[in-house]
Each structure stands twice: as structure tokens, then as C-alpha cells.
Amino acid sequence: MTTHMTPQPAAGPPRWRSLLHARPVLLIAFAFAVMADPVSSVAYAIEAALRALHGDLELLPTMGLVVALIALVIVNYHQLVARYPQGGGAAAAAGDAFGEAAAFVPIGALIVDFVLTIAISSAAGASAIIAYLPAAAPWRIPLALALTALVAGLTWFGHLGRAIFALMTLVFIGVTVAVLWGGLSAPVHPSGTISHSAGRWAPLAVAVAFPVAMALATGVEAPSSAIAQLGQLDDAGRRRFGRITLWLTLLLVGGITLGLTAEAVHLRIGIPAPDSTQIADLAHAAASGPLYALFQLLTALLLLSAASSSFAAGPGLLKALARHQCADGGEAGILPALWGRTNKHHTPYWGVVLFLAVSALVIVAAGGDDQRLVLFYAVSVFMAFLAGLVAMARFSLSERQFGHAVVNLVGAVAVTFVLVVNLSRGEPIASLAAAVLIAGGLYRMWVKAGRPRGIRDVAAEAESESR
């Protein structure tokens, strides 16, 4: 996802690298870089919930449920990080609990998730630009495709450093706080489409609507794999960094989400016009001209940072699965060797081309509409969540840690509910089908290759090898 920072030789490393080896600075760089994906999700997740409620401003209980479920997932991943301090996430847990073949389920889900992250982030970035420059609305699809190609091109020349991701996230959070502060004294001028369709069925409407907004949860699991980048730390250090990052993510993403939601309800910001977004309408109502422009710019840049992280992680995962020579002279891997080929910047260029092509097709199929893509988004990542939680439940039961088992099973049931509700909408079944087909195809290649060991570790390997 971001660059791996290896220890430098004693002969005078650059000063900025020395600073990043200071643990507090390294923690900030790591935590806020990993947080870029879930923080950027506020750009479309709150609006997705409002659309699922058909414009009814029952948003606070809806997004409250979203944040509560994210907290439940984080409690479970707190346990997972403790068990796998060298990274690996759900793939490592599923492979350990049910055999190596089970690791292909979260791996397939991750590949779909990376494609959708690129597509939805680029489309939402285009939406942020169009909200500020409505004249660009007829060019929505070409603009989204151009942004996707731009991010892919930058990835081609090397991964962005974690310090850049962290800085982008920190600045966005700061500007968002300024927007929230401005909204406290802003006059109330209702905008967009607002309804009262829920009525006495509001609790049921909220329960059915909140799974759509669970796109906000994408990326919260990232620390469980990304800690593999921290080769300069021992297991205890990686465990500590992973857990701190998980809880910081809950605190900041949950706080920003509930703050923006409360302000949207207070200012009566409804479903936006086709050439705007709800978060843009909210910022426009709460902030002055320059602050609004800065907010839109940072929203677009943070979304592109999230796309960039998937352009690094997706091809990196394919590289880890590609056939390659081992130190002992043997051969490992299951994919054709071309997916492991890199340029002088250590970028697996064929993987970048593949993710660019597939993401572009997804953007065109969705008409460049990030709100349509949201419906597909939560399915893939929650499939990976479910694999990890069920694996952790098995560990807890076998070790007679019944308190942990209850937390794992409650989390698994809640994640299953989100999956079922989203799949019941029809079209999102495509995400599940794609993840299953990818997992099945990788499994067949694995069997054909003689069932080589180490599949459960490929997610950690992909992170640890990122440069």
C-alpha cells in the first residue's frame, strides 16, 4: 500500500529518513497513511446512506450504526493483529484456521476490493471536481478515467511514500474540522431533496439502509496487513503500531463521520443535484469561498491517494503470487512470472496495467457514478472481514477463550447481515461472484502448481516487499 522503509546503513542516511525512524514520527506516518482509505470514504458513504433513506434525514442513527459496526470489526482485528504481528490479515487467519486453500477467499475479495477502491475513488474525485466546477459535468466519465490514468502513471514511477499519504490525511482532517466549526454558526438554508418517507418505520429503514454506508469500513482492516512494512520493528512494536492505528482510525473516522452527519442534519442538506455531492453542499453551506475550494481540492487529492494505495497494493499482491526463484534454487508462486516483473522503480508494471484496465471498465460500466459503485463496494471487503472473523472464532473456541469467541461470533453475524442486505439489492452480487471466481481460479492454479506452501502469507509478503 505504501513504501517499506528499511534500516539505512550507518554512513549518513538522509535526515528525513533518520527522522522517520524516530518511533513517534514513524507511528504518525504509518497510522495516517494507512488511514487515508477509510478517511476518504466520508466523501461518498454519508451520501450513500441518505440515498438509501430516500432523502429522509434519519442520518444520525444510520451512521451511528455504521460506526458501531466498525468498532466491532476493530475489536476483532485488535485480536487478529495480536496473533499475526508480522502481517497477513484475514488471509493469514483463514489459512491457519481452515487450511491454506481457505486463504484464497480473502485474497479474491482483496483483489476485487482493490479494483473497486481505484474505481470509486477516481469517480468520487471527479465528482468533487464537478461539484466545484459544474461545467465539467458532461465530462464525468472522461474525467474519472483521466484521474485513474494519472494515478496509475504516478504509480508506474514508484510508490508514493507513507509520509505523503500521512500529510494528505492530516491536512484533510484539519480542514474538515474547520468546516465543522464554520457550520456551527452557518445559517440554515435547506438544499437538495429531503423527505420524511421513513415515518413510523424509521428503525426498520435505518437497519436496512446502514449496510449501504458500510463502504466507510473499507480500509479499517489495513493495519493488520500493513504492519508487515515495519521491518525495522520487532513483533511487539508492530503489534503496538497496528493496534494504535486501528483505534485511531475508529476515533478519527468515527468522529469525522458523526460530525459531518450531525452538521448535514442541522443544516438540512439533502440528496444533492446530479452535478454536486452531499459533502460538497455541506462544505459550501458551512464554509467561505476559499475554505470551500480548499476542502474540495483536498477531498479530491485524498481520494486519489486512496486510489494510489490500491494501485500499489493490488499489483504487489499479484507479484507475491507470481512464480519466482527461491533462495534455495527452487521455484515458488502460482501466477505466470510476468506478473512479478518490475521496472527500475520496483513497480510490477503489468499489474498496474491490468488494474488500470479493469478499473476503467468498471468506471465506464457505472457511468462514472461513485454512488452506484458504493452498492458493490462493501460486499468484497465484508467478504474478507467474514473470513477473518470466522477464523478468529475458531481459534478462540479451540483455545477455550469464550469471551473472545462471543466477540468474534457477534462480529461475524453482524458482517453477515451487512452482506445479505447488500446482496439482496441484486447488482452487488457481481462483486461476490467476481471474488469467488478469482479465488476459484487461483485455487486451481495452486493445485496445478503442486499446492506450494506459503499462500496464507502472500498478503504480508506483498506489503513487506513494497518500496
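**Notes on the predicted model**

1. Arg268 sits in the loop that links α12 (235–267) to α13 (278–286); helices here are DSSP runs of H or I with at least four residues, strands are E runs of at least two, and both are numbered from the N terminus. Keep in mind that this is a predicted model, where local features need pLDDT of at least 70, side-chain atom pairs count only at pLDDT 80 or more, and totals for chains, interfaces and linings use all residues. Residues are numbered from 1 along each chain as its sequence is written, and side-chain values use heavy atoms, with hydrogens and water left out.

2. Back to Arg268: its phi is positive, about 60 degrees, although the residue is not a glycine. Arg268 counts as partly exposed because its relative accessibility is 27% (buried is under 20% relative accessible area, exposed over 50%, partly exposed in between, with a 1.4 Å probe and protein chains only).

3. Arg400 is another one to look at: this non-glycine residue has a positive phi near 60 degrees. You'll find Arg400 in the loop between α16 (370–398) and α17 (402–423). With 62% relative accessibility, Arg400 counts as exposed.

4. Asn343 belongs to the loop between β2 (331–332) and α15 (349–365). Its relative accessibility is 16%, so Asn343 counts as buried. Leaving aside residues up to four places away in sequence, Asn343 touches Trp156 and Tyr349 (contact means heavy atoms within 4.5 Å).

5. Now a helix pair. α7 (residues 104–132) packs against α14 (residues 289–321) at an angle of about 160 degrees, the axes being 8 Å apart. Axes are lines fitted to C-alpha atoms, for helices over the stretch in contact, and angles run from 0 to 180 degrees between N-to-C directions. α7 and α14 are therefore roughly antiparallel (over 145 degrees; under 35 is roughly parallel, 65 to 115 roughly perpendicular, the rest oblique). By class, the contact between α7 and α14 has 22 nonpolar, 8 polar and no charged residues. Nonpolar covers Ala, Val, Leu, Ile, Met, Phe, Trp, Tyr, Cys and Pro, charged covers Asp, Glu, Lys and Arg, and the others, Gly among them, are polar.

6. Ala430 is placed in helix α18 (residues 429–448). Ala430 is partly exposed, at 43% relative accessible area. Its C-alpha atom is separated by 37 Å from that of Arg240, 190 residues apart along the chain.

7. On confidence, the chain averages a pLDDT of 86, and 91% of the residues score at least 70 (pLDDT is the predictor's confidence in each residue, from 0 to 100). Over residues 1–20, pLDDT stays under 50, and the model has 48 contacts beyond four places in sequence for residues 1–20.
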